[in-house]
Amino acid sequence: MPELPEVEVTRRRLGPILVGRTIERVETTGDSYFFLTKPEALKRRLTGRTVTELNRHGKYLLAELDDGHRLLLHLGMTGQLFSSAVSSVRLFSAKTRGSLPPEALREFKADAHTHLSLHFRDGGPSVLFRDVRKFGKVLLLEAGAHDPRLDKLGVDALSATGKDLFDAARARRIPIKTLLLDQGVIAGIGNIYADEALFLAKVRPGRSARRVTARQCDAIVAATKRVMKRSIATGGSSISDYVSPDGSDGGYQDERKVYARKGLPCPVCSTPIRRVVIATRSTHYCPECQL
Ligand SMILES: [Zn+2]
């Protein structure tokens, strides 16, 4: 599942191929829960618009348009936003790949899973939103309109401070990891990064939030930013169907210290990493290093 770093990598790579370009034509698949704004309305209102900025809050991408409207995009579980000029073999199943001539791999043509295609007036590469499992979302927000999805989000993880976490943690009896995953407190922290940050901050994920000190909150938020920035720098985690907009694979997964390392030695003290379930999420920690 794409987490904040993957969405930020998508924003940085997609921005240059989206901003400043005028949409000439919009293609979609049929109406479904994927479209929070009906395909017909999307086509009508996006045609002729120029994208002025591509922003991100938590895991939402927001394309700002020249009429003040905003196009909200969420990658869901398997969403892929990329230029039609990419040539990533990861976009195809092994079976499909084998049956295609090499030239077909050079440019991606919209398939049944490509739910939104933006074609531009300049005739350059299109921007495609493909999503095999279809948990992604597309919504056109009117100028000045509020949306509960955005309104309920806390401060973005990359600009959060230890105080943001400490203020939310003080009176809470829930595990600190549960609080870290609460998008209303800090937006954009997913399961992998919560585990990795708690390991670096030496705080046990199951510790009651109100028993985490201000200094530990500072350490947790600093560690969160560190692992996320490192992940952004390496192109995001190469998990699931995530593919960056230029078609390359992410490279962060080799650096994980605890996540998905149950039974393997802790990189600091060699104690086997333990796995528990907190708030229905698979959680990994070192029972020696984290208190
Ligand atoms: Zn350890």
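This is a predicted model: local features need pLDDT of at least 70, side-chain atom pairs count only at pLDDT 80 or more; totals for chains, interfaces and linings use all residues.
Among the elements, strand E1 (residues 23–28) has the highest mean pLDDT, 98, while H3 has the lowest, 62.

Let's stay with the charged pairs for a moment. Side chains of opposite charge can pair when their charged atoms come close. Take Glu142 and Arg45, which form a salt bridge whose closest N and O atoms are 2.5 Å apart. Glu142 sits in the loop between strand E8 (137–141) and helix H4 (148–151), and Arg45 belongs to helix H2 (residues 39–46), so this pair ties together parts that are 97 residues apart in sequence. As for solvent, Glu142 is partly exposed, with a relative accessibility of 39%. Arg45 is partly exposed too, at 22%, and that value gets its label because buried means under 20%.

Next up is Asp111, which forms a salt bridge with Arg130; here the closest N and O atoms are 2.8 Å apart. You'll find Asp111 in the loop between helix H3 (94–99) and strand E6 (114–120), and Arg130 in strand E7 (residues 127–131), so the bridge ties together parts 19 residues apart in sequence. Are the two partners buried or exposed? Asp111 counts as partly exposed at 28% relative accessibility, whereas Arg130, at 7%, counts as buried.

Now for a pair of helices. Asp195 forms a salt bridge with Lys177, and the closest N and O atoms are 2.7 Å apart. Asp195 is in helix H7 (residues 191–200) and Lys177 is in helix H6 (residues 176–181), so to speak two distant parts of the chain, 18 residues apart, that the pair links. Asp195 is buried, with a relative accessible area of 0%. Lys177 is buried as well, at 0% relative accessibility.

Some charged residues go beyond a simple pair. Glu8, Arg11, Arg12, Arg56 and Asp156 are linked in a network of salt bridges.

Now move on to the metal. Which residues are the protein donors of the zinc ion? They are Cys266, Cys269, Cys286 and Cys289, each through its SG atom, and they lie 2.2 to 2.4 Å from the zinc ion. The angles among the four donor atoms run from 101 to 114 degrees, and the site is tetrahedral. That label applies because four donors count as tetrahedral if all angles lie between 85 and 135 degrees. Cys266 and Cys289 are both buried.

That loop between H8 and E11 also holds Ser270. Its phi is near 70 degrees, a positive value in a residue other than glycine. Ser270 is exposed, with a relative accessible area of 51%. Another residue with a positive phi is Lys134, where the angle is near 65 degrees, again in a residue other than glycine. Lys134 lies in the loop between E7 and E8.

One last stop is Ala85, in the loop between strand E5 (79–83) and H3. Ala85 is partly exposed, with a relative accessible area of 48%. Which distance separates Ala85 from Glu107 in space? The two are 5.1 Å apart, C-alpha to C-alpha, although 22 residues apart in sequence.

Definitions and conventions: Residues are numbered from 1 along each chain as its sequence is written. Side-chain values use heavy atoms; hydrogens and water are left out. Donors are N, O and S atoms within 2.8 Å of the metal (3.2 Å for Na, K and Ca); water is not among the atoms, so sites may look incomplete. Four donors count as tetrahedral if all angles lie between 85 and 135 degrees; four count as square planar and six as octahedral if opposite donors are over 155 degrees apart and all others between 65 and 115; anything else is irregular. Buried means under 20% relative accessible area, exposed over 50%, partly exposed in between (1.4 Å probe, protein chains only). A salt bridge is a side-chain nitrogen of Lys or Arg within 4 Å of a carboxyl oxygen of Asp or Glu. Helices (H or I, at least four residues) and strands (E, at least two) are DSSP runs, numbered from the N terminus. pLDDT is the predictor's confidence in each residue, from 0 to 100.
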